[in-house]
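Subject: Handover of a structure for your attention

Dear colleague,

Please find below the sequence and the structure that I am handing over to you. My notes on what was found follow directly after them.

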Amino acid sequence: DFRLHQNFPNPFNPKTQISYDVLKRGKVKIEIIDLTGKILSVLTDKELDAGSYETSFNGNLFSSGAYICRMNVNGKSVASIRMLLIK
């Protein structure tokens, strides 16, 4: 019912675009987390209608390395992608 697409560009410095599809209405949360599981940023946290969406992430406050973008829908983790920030 939901799809998280790979960010573009990847690797990125410092900005990247994240697109995702919502096939039916639901509470959508898009988070950036580090490899230890710490939430660093919440990009989206709201009820969304069906459709295609895009958000951006600016990593200028973070160090180079791997990060995870996680999509939660209705309180369940449904998808994640690995992103690489290179400064």
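**The loop between S1 and S2**

Pro 11 lies in the loop between S1 and S2, where strands (DSSP runs of E, at least two residues) are numbered from the N terminus. The peptide bond that joins Asn 10 to Pro 11 is cis, with omega at about 5 degrees. Pro 9 is found in the loop between S1 and S2 as well, and a cis peptide bond joins Phe 8 and Pro 9, with an omega of about -5 degrees.

Before going further, please note that this is a predicted model, in which local features need pLDDT of at least 70 and side-chain atom pairs count only at pLDDT 80 or more, while totals for chains, interfaces and linings use all residues. Residues are numbered from 1 along each chain as its sequence is written, and side-chain values use heavy atoms, with hydrogens and water left out.

**The chain as a whole**

The chain contains 7 strands and 0 helices, a helix being a DSSP run of H or I with at least four residues. Along the sequence, the pattern reads β-β-β-β-β-β-β. The radius of gyration of the chain (taken over C-alpha atoms) is 12 Å, which agrees with the value near 12 Å for a compact globule of 87 residues; the globule rule is 2.2 Å times the number of residues to the power 0.38. Along the principal axes, the C-alpha atoms fill a box of roughly 35 × 25 × 15 Å.

Of the 87 residues, 37% count as buried, that is, under 20% relative accessible area with a 1.4 Å probe and protein chains only; exposed means over 50%, and partly exposed lies in between. The accessible surface of the chain is about 5,100 Å², and 49% of this belongs to carbon and sulfur atoms; the areas come from the Shrake-Rupley method with a 1.4 Å probe.

Contact means heavy atoms within 4.5 Å. Among the contacts in the chain with a separation of 6 or more, 54% are accounted for by residues 24 or more positions apart.

**Aromatic residues**

The structure holds 4 aromatic pairs. The ring centres of Phe 12 and Phe 57 are 6.0 Å apart and the planes stand at 75 degrees, so this pair is edge-to-face. Rings of Phe, Tyr and Trp (its six-membered ring) pair if their centres lie within 6.5 Å, and planes under 30 degrees apart count as stacked, over 60 as edge-to-face and the rest as tilted.

This pair links distant parts of the chain: Phe 12 is in the loop between strand S1 (2–4) and strand S2 (15–22), and Phe 57 is in strand S5 (residues 51–58), 45 residues apart. Phe 12 and Phe 57 are both buried. One aromatic cluster is formed by Phe 12, Phe 57, Phe 62 and Tyr 67.

**Two further residues**

Val 42 is placed in strand S4 (residues 39–48). With a relative accessible area of 42%, Val 42 is partly exposed. Neighbours within four places in sequence aside, Val 42 is in contact with Lys 29, Ile 30 and Glu 31.

Asn 74 lies in the loop between strand S6 (65–73) and strand S7 (76–85). Although Asn 74 is not a glycine, its phi is positive, at about 50 degrees. Asn 74 is partly exposed, with a relative accessible area of 48%.

Yours sincerely
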